[in-house]
Amino acid sequence: MRKGHDCDVPGAEPCAGGGVCRVDGNRIDVRRQPLVVRDGCAPDRTPAGRWPSDGVLVRSEQFAVNEALASLAPGGAGGPVLGVHAPPGTGVAEVFGDLVAALVTERARLLADLPDPAAAFGEVVRWGPYTVTAPAPELAGFEIVLSAAGAAAPERAGGAPSLTLPPIGARWRDRAARADYFASTARLSDGVGAWAMLVARLGDHPANRNFAKRWWNGAVRGTDVLFPQGESMAATLRQLKDETVDWAAAVAWFSSALGKVQHLADERARVAAALTRLSLLEQACEEASGSVEAAQIRVAELTDREPAARHAVTAAEEEYRSALAALGAHELLRPELTTVTPQGAAALRSPGAPSVALAGAVRRTQNWRKWSAARRRLRAACAMAERRMDAALREAETLRGGVTAARLTAAAGIAEVARLAAEMKPLVETAAAARQRWGDHVPAGPSQAETKDPVLIEWRETTAPWADEEYANARAQAFIAALELHKALIAARPEIFENNLAVLMKLISAGAESAGDTGQVPSASDRGDRGRGERDQGDRDRDRSDRDRSARDRGDGGREENTLADVLLAAWQSFFLVIPVVQVPLEAAGPLFGGLEPGSLGWLLAAGADQLTAEDAAGLPHGFDRAVFADTGPQRLADRAVRYGTWLPAGSPGIPDDAGPRWVGLPLRVVRGQDRTTVEQRNDVDYDGLLISDRD
């Protein structure tokens, strides 16, 4: 793996190391702050269910799953759209598989809280000739649409969709066979190799009509090579009417599986919390040690200056004493202005006395002036020496204070380091014990915070945090148990599912537009005689008359409170209770769910949205509460709202050479199945050191 960043600034502007380093307070670059990813993979953020694969998600994949569930959850910090940067070869299918397992398991948790299966359904919804029973509101929001741009429709020869869920792991096949989540019927909905009825492949109108014939009625044509014979859903539901379901036992079984996951998660979450606390203490200890080192260096520097400071004080004091002595000696030589000697007195009595007196006065004045000038100079020298002495004393005192303060700081730092070390000791022991139990699945050690060493970064990114065998198995078991609880619900209320699903099959076979115009599904002979979706005016008039007569029979005077959208929503929600995932090309998703109100369905898991035309893409996320887009290039809408991501430089896929760095959300870093040389070449050309090979 090539090292792409040589600086420590989180963010993204070109830097000396050739990487991308821009500071942005609202975004966190996961390559610059890897501990954020570690803590984001903690067991208390990891969903209870996971896809039953033999392998487990690596670090960046698990973080994407956890962040999607956390930020897109009701009341989450994110918006309704999340971007995942998924270069070719990274684990998009694995991420989406775990999201599906997480959502199905969470819905099963709500099912387990119901007092009985009847509570899973609420009001009866009627519109025209259609009557369905709507699922309880708390069970809504878990509908999943898996989609990719340009994915081939299931009816096209050799056209497998470009985005699928992962296969089941070999060691989980026996467990899945015991659960038997309508495996026979699954082959009619998801084709060869289906192990449970998890995915329905839909598309354009002909594909949907053929799906209804195949899955609902069991009519498999010779050209349906991907969909072998199996038991139709309608026949399965009719058989279930004769069975008795022990709902309490089904709930207890699922609750037991969920309880085991929770117990194991709590056990690991305590270690994860210890690691988070340990990282904070290690950072504080590093800062305290740095403070001690700086204080000790300061003590040494100040101590080295003390001899010079003492010498300066001694010299200044000596200078001051000398100045005082000189001033004192000068004061003793003060001249007398009024002293008259005997000779002077005699001279004053002589005839030339005035001249003599004047000459003496002049001389005495000159002597005084000279003495006074010398005294001023000596006083000034004395004052200067005093100031220098005071300055030297202050400097020495400041130096002593600095030494004392630095020694106190060093002592306090040493004490703080000792305190932190004492607090860290049991946490280190906890981490060591956890690593003995769970090995490299415990994200501890210096690699967790590494941002420069490519070897440590590669080792870290290819590990699977907290995915030890016991915990990973329990999570997969919880997902399969969740499917079993869904099956128990279907078996407990087969008549409601039969009616609701029959209505949906009629609607998608006829096309929502045709049903919306008439309120009546056209017959097969009508469609054959008149062409697909075409009806003459006489048929429409008769259908409207039938619909009005039906309303009058209900006693509402021809007024209907429900709409076709209400019927469609209740029917689709029932369908998603049976088959959690609808797989449809992105360009066909809008027409397929076009009869629903905005935000009616739960989750859109999509790839290749950047390949759609503006017309196809318009309104796509609006039909869903939440959307996760996984693409190879920057996604302006999806990436803009993602707090966690990284910056890619100009020239990366989807970024023009003359453009600046672009923010991409939640990067998947590990390329599956490509050798190290190929991955390093991709890094050098396109990805700024982002990618890592899962091979040695």
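This is a predicted model: local features need pLDDT of at least 70, side-chain atom pairs count only at pLDDT 80 or more; totals for chains, interfaces and linings use all residues.
L240 belongs to helix α7, which covers residues 233-240.

Leaving out residues up to four places away in sequence, L240 touches F182, I490, A491 and P494. L240 can also be related to A492: the two are 252 residues apart along the chain, and their C-alpha atoms are separated by 7.9 Å.

## Helices α3 and α12

A492 brings in helix α12, which spans residues 469-492. The axis of α12 comes within 8 Å of the axis of helix α3, residues 92-112. The two axes cross at roughly 55°, which makes α3 oblique to α12. The crossing in which α3 passes α12 is left-handed.

On the α3 side, the contact is made by D98, A101, V104, T105, R107, A108, L111 and A112. On the α12 side, R475, A478, F479, A482, L483, L485, H486 and L489 make the contact. Sorted by class, the contact of α3 with α12 comprises 11 nonpolar, 2 polar and 3 charged residues.

## Arg460 in helix α11

R460 sits in helix α11, made up of residues 454-461. Is R460 buried or exposed? R460 counts as buried because its relative accessibility is 1%, and the cut-off for buried is under 20%.

The side chain of R460 makes a polar contact with the side chain of E461, at 3.1 Å. Setting aside neighbours within four places in sequence, R460 is in contact with P34, R59, S447, Q448, A449, E450 and R669.

## The protein as a whole

The residues described above belong to a protein of 696 residues, of which 49% count as buried. The secondary structure comes to 21 helices and 13 strands; helices α3 and α12, α7 and α11 are among the helices.

What share of the contacts with a separation of 6 or more comes from residues 24 or more positions apart? Such residues account for 73% of those contacts in the protein.

Conventions. Residues are numbered from 1 along each chain as its sequence is written. Side-chain values use heavy atoms; hydrogens and water are left out. Axes are lines fitted to C-alpha atoms, for helices over the stretch in contact, and angles run from 0 to 180 degrees between N-to-C directions. Helices (H or I, at least four residues) and strands (E, at least two) are DSSP runs, numbered from the N terminus. Angles under 35 degrees count as roughly parallel, over 145 as roughly antiparallel, 65 to 115 as roughly perpendicular and the rest as oblique. A crossing is left-handed if the near helix is turned anticlockwise from the far one by less than a right angle, and right-handed if clockwise. Contact means heavy atoms within 4.5 Å. Ala, Val, Leu, Ile, Met, Phe, Trp, Tyr, Cys and Pro count as nonpolar, Asp, Glu, Lys and Arg as charged, and the others, Gly among them, as polar. Buried means under 20% relative accessible area, exposed over 50%, partly exposed in between (1.4 Å probe, protein chains only). A polar contact is a pair of N or O atoms within 3.5 Å; within protein, one must be able to donate a hydrogen and the other to accept it, and residues adjacent in sequence count only if both atoms are side-chain atoms.
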